[in-house]
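Subject: Structure for your review, with notes

Dear colleague,

I am handing over the structure below, and I would be grateful if you could read the notes that follow with the coordinates open beside them.

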Amino acid sequence: MTRTTAPNTGLDAFLAWAESERRTALPPRPADAVLTLLALHGADRRAGVPEPTPELVRRVLVEDLPLLLWASPDEAAAVPSVLTALADRVRAAGRLNAKRHARVLAAVEEAVPVFMEAHGDPFRLTWPRWYASLMRADGVAADDPGAVSAWLAAFDAVPRAQRAALPEPLHRADVAATTFAARVGLAGTMLEAFARDVEGPSPAGPLLSATSVLDADRPEDALASELDALGAGLSDRWTAAGLAEALSGPYAALAPGPEALPHLLLGDRFLDEHLNHYGCASAALPPPAALPGPDEIGVLLRAAPLPAALAAGSDDVRDLAELCGFPGPAEAVWSDGTPRELVELAADVLAALVERVASHSDPAGPADEEYGLDAAHVLYGLYARGGTPDSVARRASGHIDLVVPRDLEDAPATVPAAAPPGYRTPALAELSVLLGIPGLTEDDRSAVDGPARALAAVVDELAGTGCVFRTGDAYGLTPLGNAVVRHVLAVNRVAAPDEHELVSWDAERTVRAVQYWPPAVAATALTAWTTARGATDAVWSELLDAVSAAKSADFHHTLTADLFSHLDRAGIPGGPLRSALEDPVIGAYVHRLLHSRGEPADQGLVPLTARALLLLEELDACWAADMQASVAARDRAPEPAPTALIDAFDEAAAGWPGGAASLLPALTDADPATAVRVLKDLREHHPDGRVADGSAHALKAAKATVKRSAARRRGSAW
């Protein structure tokens with residue numbers, strides 16, 4: 001394969017044909033990219049140019065061009081004309097009939113809006129496209145390698161704070177990952193094209209000459225080298241001349257790859273934690289309690305022991321220094337970095353330490369070493385608390401047989417003004433208060449002591465980064481730690497808003513997010529959201545309407561009881577609550593909250609539909625409690641089957657208009673999917689035959705409704 005960046009695509013003849021036959025001057029660079037990519041993907045070239053097909057048109061427009069081509073607005077707008085002219089040229093050569101020609105044009109028309117959106121998507125930005133855009137904005141002749149090199153030298157000499165910033169919300173990690181993916185994708189496409197040239201050459205001749213590779217002493221190495229050169233050449237043709245070599249050589253620090261950003265690995269660990277906890281990256285974490293100002297970040301980072309040792313070249317941390325770019329590009333960031341770059345450097349330091357802590361732990365060792373293996377979990381858990389301090393002993397108690405009450409588990413720990421540096425498990429009386437478990441013994445304290453000391457040791461090591469603190473039994477993220485963890489979460493687009501973004505959300509998004517947050521954090525967020533809008537009754541009613549809509553749309557995943565607890569803690573006034581008593585979804589929850597406050601509330605105003613929803617949620621909780629009790633009883637002597645569900649149902653039926661016979665279908669109507677397991681249990685275990693038979697009938701109806709809903713969802717998916 002001769003080293004050339006001009007594959008055999010018939011570009012020059014095609015441009016000449018368009019100008020002579022159509023009186024159209026097509027932009028050469030986009031035309032080159034379109035023809036080359038079509039050919040690399042295997043388009044037939046017997047017409048002298050690559051023959052577009054609907055599938056290849058969509059692939060090139062939607063997947064390839066937004067990553068590989070820099071185009072001005074006019075050039076991007078001309079891409080459809082390139083493809084239309086190409087289809088016409090192939091048809092003129094007798095290679096496309098009218099029907100196939102029309103399908104290609106329809107595919108172009110369909111894919112162009114997607115291409116235009118993707119071309120402007122910041123998350124499709126690569127380093128070559130970014131620097132090509134900056135050069136052209138400065139009027140640089142991007143086809144002149146000397147001019148490109150001179151511009152890069154001048155840009156590299158500009159103080160970091162004065163350089164053009166990546167468009168929001170991009171981080172360097174985003175561009176590094178996208179650039180790597182684009183390079184790998186193009187390399188794979190070129191390799192497939194090379195294989196086709198060797199195994200089944202086109203009648204139009206080879207796209208890429210293979211002679212030099214096949215004759216080389218080490219063909220595999222020669223092929224890799226040639227493909228790298230070809231990929232760099234194509235990138236230069238489609239962005240700026242000489243840019244690929246410059247960004248992989250003397251100016252590599254301007255375009256770091258994933259290997260130069262250690263915190264990408266920690267970002268993957270955080271994403272795993274988030275998916276395990278929430279199920280999707282878009283589920284929002286609470287805003288951190290405190291974030292440093294831009295001018296504070298450098299001060300905090302340089303005051304931290306570990307980063308300072310790395311910058312000073314300490315032999316004790318040489319392994320971490322190399323990972324973090326000391327000596328090397330990190331030195332310039334340390335002395336002259338922007339606040340964002342300093343956060344990124346702090347993230348690299350934290351990520352490197354997390355990996356070292358894990359590597360020094362023994363996976364087959366005692367249970368208390370799990371904290372070393374799970375330092376990322378410690379960091380994520382602290383951020384998920386809204387950055388509020390936690391208790392070492394309370395967190396460690398989760399690894400023994402002590403069960404902390406749910407309302408205390410996420411409660412902020414009190415941070416003492418001062419404490420000895422070494423960790424000591426709290427005294428028995430204090431430990432009982434921390435865990436919310438009266439009557440603890442010294443044996444209990446001894447059981448907590450081992451995992452607590454192990455956790456404290458990991459926390460103390462993480463504290464060297466300046467991102468974590470521990471004072472006595474209390475530990476948490478520092479303001480720098482909040483900023484760093486938030487940055488690392490953003491690498492994988494985990495929703496991690498700050499307080500300003502939170503108050504900009506609509507009521508629906510706010511409700512969906514806060515239901516999963518710790519009570520104190522959720523209440524603070526709701527207070528901030530309503531305060532930003534004047535905290536009027538109408539604003540609180542907007543939140544109540546959002547809760548009603550969420551529950552109606554998704555019964556199972558809307559934690560209504562928790563939401564009303566958060567609203568109560570946030571101080572929702574009685575007026576909006578009383579106005580919502582007649583809501584057909586949440587009216588019963590509203591009545592219960594007003595009753596718990598001792599405020600007047602007429603239950604007669606609550607619709608039966610709302611009462612059924614609340615009852616179904618309570619009965620479902622009883623069903624779960626019965627299941628847990630049954631499992632726990634398997635290892636004990638035979639005892640009566642648990643009857644929490646039956647007892648709760650009988651009590652509810654006694655006060656329901658029409659009794660059990662009316663309540664059963666009301667439960668089915670409330671939420672058929674949730675009602676199925678409740679009704680099934682009542683059918684199998686209720687001692688009253690009439691209730692069992694009624695449950696069987698309602699169960700049949702519930703299952704039929706669930707089946708119809710599933711069929712509708714499948715139909716809409718198609």
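Is Gly-481 buried or exposed? Gly-481 is buried, since its relative accessible area is 0%, which lies under the 20% cut-off for that class. Please keep in mind throughout that this is a predicted model. Gly-481 is placed in helix H24, and once its neighbours within four places in sequence are left aside, its contacts are Gly-466 and Cys-467. Between Gly-481 and Asp-336 there are 145 residues in sequence, and the distance from C-alpha to C-alpha is 21 Å.

Overall picture

The protein chain holds 36 helices and three strands, and its C-alpha trace extends over about 90 × 70 × 55 Å along the principal axes. Of its 718 residues, 49% count as buried.

Helix packing

Helix H24 (residues 479–491), which also carries Gly-481, packs on helix H17 (residues 339–359) at an angle of about 85 degrees, and the two axes are 9 Å apart. That angle falls in the range of 65 to 115 degrees, and H17 and H24 are therefore roughly perpendicular to each other. On the H17 side the contact is made by Val-343, Glu-344, Ala-346, Ala-347 and Leu-350, and on the H24 side by Ala-483, Val-484, Val-485, His-487 and Val-488. Sorted by class, the residues of this contact between H17 and H24 are eight nonpolar, one polar and one charged.

A second pair is formed by helix H4 (residues 73–92) and helix H5 (residues 98–119), whose axes come within 10 Å and cross at roughly 165 degrees. Because angles over 145 degrees are classed in this way, H4 and H5 are roughly antiparallel to each other, and their crossing is right-handed. The residues of H4 that take part are Ala-76, Val-79, Pro-80, Leu-83, Thr-84, Ala-87, Asp-88 and Arg-91, and they meet Ala-98, His-101, Val-104, Leu-105, Val-108, Val-112, Phe-115, Met-116 and His-119 in H5. This contact of H4 with H5 comprises twelve nonpolar, three polar and two charged residues.

Helix H4 also contains Glu-75, which counts as buried at 16% relative accessibility. Residues up to four places away in sequence not being counted, Glu-75 touches Pro-27, Arg-29, Pro-30 and Trp-70.

Helix H2 (residues 28–40) and helix H10 (residues 219–238) pack at an angle of about 145 degrees, with 9 Å between their axes. By class, the contact of H2 with H10 divides into five nonpolar, one polar and three charged residues.

Aromatic pairs

With ring centres required to lie within 6.5 Å, the count of aromatic pairs comes to nine. In one of them, Trp-151 and Phe-155, the ring centres are 5.0 Å apart and the planes stand at 20 degrees, so the pair is stacked. Trp-151 and Phe-155 are four residues apart in helix H7 (residues 145–157), and are thus separated by about one helical turn. Trp-151 counts as buried at 11% relative accessibility, and Phe-155 is buried with a relative accessible area of 10%.

Another pair is that of Phe-270 and Tyr-380, whose ring centres are 6.5 Å apart and whose planes stand at 45 degrees, so the pair is tilted. This pair links distant parts of the chain, since Phe-270 lies in helix H12 (residues 263–278) and Tyr-380 in helix H19 (residues 375–384), 110 residues apart. Phe-270 counts as buried at 0% relative accessibility, and Tyr-380 counts as buried at 4%.

Trp-151 and Phe-155 also belong to an aromatic cluster, which they form together with Trp-127 and Tyr-131.

One further helix

In helix H29 (residues 560–569) the buried residues are Thr-560, Asp-562, Leu-563, Phe-564, His-566 and Leu-567. Just after H29, Gly-571 takes a positive phi of about 85 degrees.

Definitions and conventions:
Residues are numbered from 1 along each chain as its sequence is written. This is a predicted model: local features need pLDDT of at least 70, side-chain atom pairs count only at pLDDT 80 or more; totals for chains, interfaces and linings use all residues. Side-chain values use heavy atoms; hydrogens and water are left out. Axes are lines fitted to C-alpha atoms, for helices over the stretch in contact, and angles run from 0 to 180 degrees between N-to-C directions. Helices (H or I, at least four residues) and strands (E, at least two) are DSSP runs, numbered from the N terminus. Angles under 35 degrees count as roughly parallel, over 145 as roughly antiparallel, 65 to 115 as roughly perpendicular and the rest as oblique. A crossing is left-handed if the near helix is turned anticlockwise from the far one by less than a right angle, and right-handed if clockwise. Contact means heavy atoms within 4.5 Å. Ala, Val, Leu, Ile, Met, Phe, Trp, Tyr, Cys and Pro count as nonpolar, Asp, Glu, Lys and Arg as charged, and the others, Gly among them, as polar. Rings of Phe, Tyr and Trp (its six-membered ring) pair if their centres lie within 6.5 Å; planes under 30 degrees apart count as stacked, over 60 as edge-to-face and the rest as tilted. Buried means under 20% relative accessible area, exposed over 50%, partly exposed in between (1.4 Å probe, protein chains only).
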